[in-house]
Amino acid sequence: MFSTARGSGATSQCDCGLSSMPPPEACSLAALPPTTEDSEAPGTLSLELSPPKAKMATGGILNADDVKKALDAFAVADSFDHKKFFAMVGLKAKSSDDVKKIFTVLDADNSGFIEEEELKFVLKGFAKDGRDLTDKETKAFLKAADKDGDGKIGVEEFIALVKE
Ligand SMILES: [Ca+2]
Ligand SMILES: [Ca+2]
C-alpha cells in the first residue's frame, strides 16, 4: 500500500492521515526535503573561510608549520640552538632580503639592532606562543652573533649568523 502512496506523491506529500498505522515521525522524515541540510552548509563554510586572526609576525616569509616544528624541537629550556633553529624554520635558505625582513620584525623598537632584551623574546617574533629564551641561551646567542662585540646584533651580523 506504500508503493501506491509513493506513486501518487505528487498530489499528496504525506499520507499519514489516511492510514493510522505508521508513526508520524516516519512520515515527516520521508517528507524532509534534502535541501534543508544543503542550505545550512554554506553558513558553516563561511565560518571556516574567515581569515586567521593571529597573523604571524614572520608570516609570508616563513612556513607556519616549520616554525611550529622548530619551536617544539626547542621547547625545553636551555635546548635552543640557533643554527638548527634557523635551518628548521627555513630562514637559512631565504634570501638576504627576507632575512633582513625577519631582522626588522625582531628589532621591536626599530633601533637598527637586536639588543639582548629583544633577543630574549626572539622566539615570540616567530610565533606568538614562542617561549622566552633563558639568560644562558640569550647570552650564547648574542655571543655567537655579536662579531664586533658592541653587545647587540646588527643586521649584517644577523644575516651572517643565519647563513653561517
Ligand atoms: Ca632593537
Ligand atoms: Ca654587534
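A residue is called buried if 20 or more other C-beta atoms lie within 10 Å of its own, exposed if 12 or fewer do, and partly exposed in between, with the C-beta atoms placed from the backbone. By this rule Asp 81, with 14 C-beta neighbours inside 10 Å, counts as partly exposed. The structure is a predicted model, in which local features need pLDDT of at least 70 and side-chain atom pairs count only at pLDDT 80 or more, while totals for chains, interfaces and linings use all residues. Residues are numbered from 1 along each chain as its sequence is written, and chains are lettered from A and ligands numbered from 1 in the order in which they are written.

We can begin with the whole protein. It holds 10 helices and 2 strands, where helices (H or I, at least four residues) and strands (E, at least two) are DSSP runs, numbered from the N terminus. Read from the N terminus on, the elements follow the order α-α-α-α-α-α-β-α-α-α-β-α. Of the 164 residues of the protein, 20% count as buried. Two residues are said to be in contact if their C-beta atoms, placed from the backbone, lie within 7 Å; among the contacts between residues at least 6 apart in sequence, 50% join residues at least 24 apart.

The loop between α4 (64-73) and α5 (82-88) contains Asp 78, and Asp 81 is found in the loop between α4 and α5 too. Phi of Asp 78 is near 70°, which is a positive value in a residue other than glycine, and Asp 78 is exposed because 11 other C-beta atoms lie within 10 Å. As for Asp 81, this residue and Ala 140 are 59 residues apart in sequence, yet 9.3 Å apart in space, C-alpha to C-alpha.

In residues 94-129 the end C-alpha atoms lie 23 Å apart, and the span is 58% helix and 6% strand. In residues 133-164 the end C-alpha atoms lie 21 Å apart, and the span is 62% helix and 6% strand.

The UniProt annotation "binding site", also from an unreviewed entry, covers ten positions that can be listed in order: Asp 107, Asp 109, Ser 111, Phe 113, Glu 118, Asp 146, Asp 148, Asp 150, Lys 152 and Glu 157. Asp 107 lies in the loop between α6 and β1, and Asp 107 is buried because 20 other C-beta atoms lie within 10 Å. Leaving aside its neighbours within four places in sequence, Asp 107 is in contact with Gly 112, Phe 113, Ile 114 and Glu 118. Asp 109 has its place in the loop between α6 and β1 as well, but Asp 109 counts as exposed, with 10 C-beta neighbours inside 10 Å. Asn 110 is found in the loop between α6 (96-106) and β1 (113-114); its phi is near 55°, a positive value in a residue other than glycine, and with 7 C-beta neighbours inside 10 Å Asn 110 counts as exposed.

Which residues of α6 are buried? They are Val 99, Ile 102, Phe 103 and Leu 106. Seen down the axis of α6, these buried residues fall within an arc of 105° (the arc of the directions from the helix axis to the C-beta atoms), so they line one face of the helix. What covers them includes β1, α7 (116-120), α8 (122-126) and α10.

In α10 (residues 155-163), Glu 157, Phe 158 and Val 162 are buried. Viewed down the axis of α10, the buried residues fall within an arc of 130°, so they line one face of that helix. They pack against α5, α6, β1, α9 (135-145) and β2 (153-154).

Two packed helices are described by the angle between their axes and the distance between the axes. For α6 and α10 the angle is about 120° and the axes are 10 Å apart, where axes are lines fitted to C-alpha atoms, for helices over the stretch in contact, and angles run from 0 to 180 degrees between N-to-C directions. The two helices α6 and α10 are therefore oblique to each other, since angles under 35 degrees count as roughly parallel, over 145 as roughly antiparallel, 65 to 115 as roughly perpendicular and the rest as oblique. The contact is made by Ser 96, Val 99, Lys 100 and Phe 103 of α6 and by Val 155, Phe 158, Ile 159 and Val 162 of α10.

Terms used:
UniProt positions renumbered as here; feature names shortened; annotations may be inferred.
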